[in-house]
Amino acid sequence: MNYWPLLGIAVIVAGFALRFNPVPVVVVAALASGLLSGLSVGQLLALLGSSFESSRMLLMFVLTLPAIGLLERAGLREHAQRWIGRLHGLTLARLLIGYLLLRQLLAMLGLTGVAGAAQTVRPLLAPMGEAAAEKILPGFGDADRDELRAIAAATDNVGRFFGEDVFVAMGAVLLIQAFYAQHGIELTPLSIALWALPVAVVAFVVQSLRVWRYQRRLQRRAAGARGEAH
Amino acid sequence: MLRIEHAYWLIALFLLYAGLRNLRERRPWHGAFWIVLAALFGGGDWVLAQRAAGNTLPAQFAGGGVVLLAVLAPRLKRMAHAESRSVEQRLQSALALGHRLFVPALLIPLVTLLVALFDAHLAAGGHALFAAPQMTLTGLALACAIALFAAARVTRAPLQQGFAEGRRLLDAIGWAALLPLLLAALGEVFTRSGVGTAITALTTAWLPTGSALACLLAFALGMVLFTVIMGNAFAAFPVMMAGMGLPLLVHQHGAHPAILGSMGMLCGYCGTLLTPMAADFNLVPAALLELRDPYGVIRAQAWSAFWILAATVAMMCFLLFR
């Protein structure tokens, strides 16, 4: 057993811990692992190049930028904020939990590309969330804004991750089925996807509770601020 | 027929535009970075086709391009361009346009949804508009183009303004946009160089394999840890299953294979919520939302990941060995 390629992991850990720019850290780690496993420089460059080219779909989100940029210039975020500010029944927790449910259900139908950080969180969910938080706590600062945006992005991720595994034609389910089939165990995709359902419910409950507790925290701070004013 | 390659060419054109604008504004490092990336995107299909035909020279050049990007990345200072309009101007425009602003923004998810739902029917009738591989993403690219035209119409701005604004956002994201692709390539290199098998060999040497619970905990935590390292549960799954899941849990302790596979994969997903290596879910959104802390999204997710993982492992304890 050749243990030397593990040094690539050490490069990653050290690079992230020392807060170097991640791009060269990742490339150096790949070069280190590859060379230590005995690949030649030519083979390694070809492997790096072709796997980079095969994952180009990961940059697809940049195509949303011109339309989103144009709309933001015309006041999309400001309008989303004003609109949410006027809707009295729509609290921060209801907004985020509603989005979480929708995102999970869409992912369960295999529609993961429909929403996302670029498509829905930046232009819509984050500004709406900010407006809903302003309603609770008027003096909402920059640090609060960062935290709220991070929670919106986290809600989007949790909804997507713990919805998509319930969809039978999703990569994850097919990967599990293919692995077992290779090793002589035949399973139907449905029997695998079914067991992702309880975890999906747990994820929904956990994230909803965390969003609700965040709202409670804002409400307490608002009450505290009002108390001081008296 | 629309294929995913057409979307890649659109991305290449947009990156080229961003690069040339930066060169003209005397920001040579930004310019060079986006132009090299545009070349990698435009030439990607040719590189992959040549490699499939047995000629690895173009792929080696692409690998050289990736190394060049890594050299350029630290020189990109993340300086946000000034917003082209003040808050007051934007607010006024928001008041004038109202809900019409939502239409193009919602067209992006809506058109993607329609393509995903209906093209399978068209394909069954022999009239497929979209090639089957990556159909949803091809639909997303089409949706973005339609949304851009709609946005230009609604805001009565020229299309060019859209490219300029898009490029402003792209420069604000900077090198973080590249990380997901690099990490995918790193995962491939790790797999090829046997990092996974080395790790499972090390773990199983220390494990009390007679205890089903110890094996389960090691498997679940291994999925999390390995996903944190690789940035992707898909890469961790075959390694952990071949090293521990199948020989120890299924064969030795009689675990239910469907539950082990499904919930084991989801343990890995909890790891995805925790790692900067899953850049497309954790670092790119932080850059897109202009958070000052690049790890802000991971911080917001950490406790959710912990509780979901704890509940999943508890469920596995009860369900696996019945």
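Trainee: Where is B:Glu290 placed?
Mentor: B:Glu290 sits in the loop between α14 and α15 of chain B. Keep in mind that this is a predicted model.

Trainee: What is its phi?
Mentor: The phi of B:Glu290 is positive, about 55°, although the residue is not a glycine. Most residues other than glycine have a negative phi.

Trainee: Is B:Glu290 buried, partly exposed or exposed?
Mentor: B:Glu290 has 16 C-beta neighbours inside 10 Å, so it counts as partly exposed.

Trainee: And B:Leu291, where does that lie?
Mentor: B:Leu291 is in the loop between α14 (279-288) and α15 (296-319) of chain B.

Trainee: Why does B:Leu291 count as buried?
Mentor: Because 21 other C-beta atoms lie within 10 Å of B:Leu291, and the cut-off for buried is 20 or more.

Trainee: What does B:Leu291 touch?
Mentor: Leaving out residues up to four places away in sequence, B:Leu291 touches A:Asp146, A:Arg149, A:Ala150, B:Ala286 and B:Gly296.

Trainee: Which other residue of chain B has a positive phi without being a glycine?
Mentor: B:Arg26, with a phi of about 55°. B:Arg26 is in the loop between α1 (4-24) and α2 (28-42) of chain B.

Trainee: Buried or exposed, B:Arg26?
Mentor: Exposed, because B:Arg26 has 8 C-beta neighbours inside 10 Å.

Trainee: Let's zoom out. How many helices and strands in chain B?
Mentor: Chain B has 15 helices and 0 strands. Its C-alpha atoms fill a box of roughly 70 × 50 × 50 Å along the principal axes.

Trainee: How much of chain B is buried?
Mentor: Buried residues are 53% of the 322 in chain B. As for contacts in chain B between residues at least 6 apart in sequence, 71% join residues at least 24 apart.

Trainee: What are the domains of chain B?
Mentor: The assignment gives domain 1 (4-77), domain 2 (87-157) and domain 3 (194-319) of chain B. The C-alpha centres of domain 2 of chain B and domain 3 of chain B are 36 Å apart.

Trainee: And for chain A?
Mentor: Chain A has domain 1 (4-54) and domain 2 (66-229). Taken over C-alpha atoms, 33 Å separate the centres of those domains of chain A.

Trainee: How does α3(A) meet helix α9 of chain B?
Mentor: The axes of α3(A) and α9 (residues 179-192) of chain B come within 8 Å and cross at roughly 130°. The two helices are therefore oblique to each other. The crossing of α3(A) and α9(B) is right-handed.

Trainee: Which residues make that contact?
Mentor: From α3(A), A:Leu47, A:Leu48, A:Ser51 and A:Phe52. From α9(B), B:Leu181, B:Ala184, B:Ala185, B:Glu188, B:Val189 and B:Arg192. By class, the contact of α3(A) with α9(B) has 7 nonpolar, 1 polar and 2 charged residues.

Trainee: Which residues does α8(A) bring to the contact with α7(A)?
Mentor: A:Arg145, A:Leu148, A:Arg149, A:Ala152, A:Ala153 and A:Asp156. Counting both helices, the contact of α7(A) with α8(A) has 8 nonpolar, 1 polar and 4 charged residues. A:Arg149 of α8(A) is part of this contact, and A:Arg149 also touches B:Leu291.

Trainee: Last pair: α11 and α13 of chain B. How far apart are the axes?
Mentor: The axes of α11 (residues 212-230) and α13 (residues 257-272) of chain B are 7 Å apart, and the helices pack at about 40°. So α11(B) and α13(B) are oblique to each other. α11(B) passes α13(B) in a right-handed crossing.

Trainee: What comes from α13(B)?
Mentor: B:Gly264, B:Cys267, B:Gly268, B:Cys270, B:Gly271 and B:Thr272. The contact of α11(B) with α13(B) has 8 nonpolar, 5 polar and no charged residues.

How values were computed:
Residues are numbered from 1 along each chain as its sequence is written. Chains are lettered from A and ligands numbered from 1 in the order in which they are written. This is a predicted model: local features need pLDDT of at least 70, side-chain atom pairs count only at pLDDT 80 or more; totals for chains, interfaces and linings use all residues. Helices (H or I, at least four residues) and strands (E, at least two) are DSSP runs, numbered from the N terminus. A residue is buried if 20 or more other C-beta atoms lie within 10 Å of its own, exposed if 12 or fewer, and partly exposed in between; C-beta atoms are placed from the backbone. Two residues are in contact if their C-beta atoms, placed from the backbone, lie within 7 Å. Domain bounds come from an automatic or database domain assignment. Axes are lines fitted to C-alpha atoms, for helices over the stretch in contact, and angles run from 0 to 180 degrees between N-to-C directions. Angles under 35 degrees count as roughly parallel, over 145 as roughly antiparallel, 65 to 115 as roughly perpendicular and the rest as oblique. A crossing is left-handed if the near helix is turned anticlockwise from the far one by less than a right angle, and right-handed if clockwise. Ala, Val, Leu, Ile, Met, Phe, Trp, Tyr, Cys and Pro count as nonpolar, Asp, Glu, Lys and Arg as charged, and the others, Gly among them, as polar.
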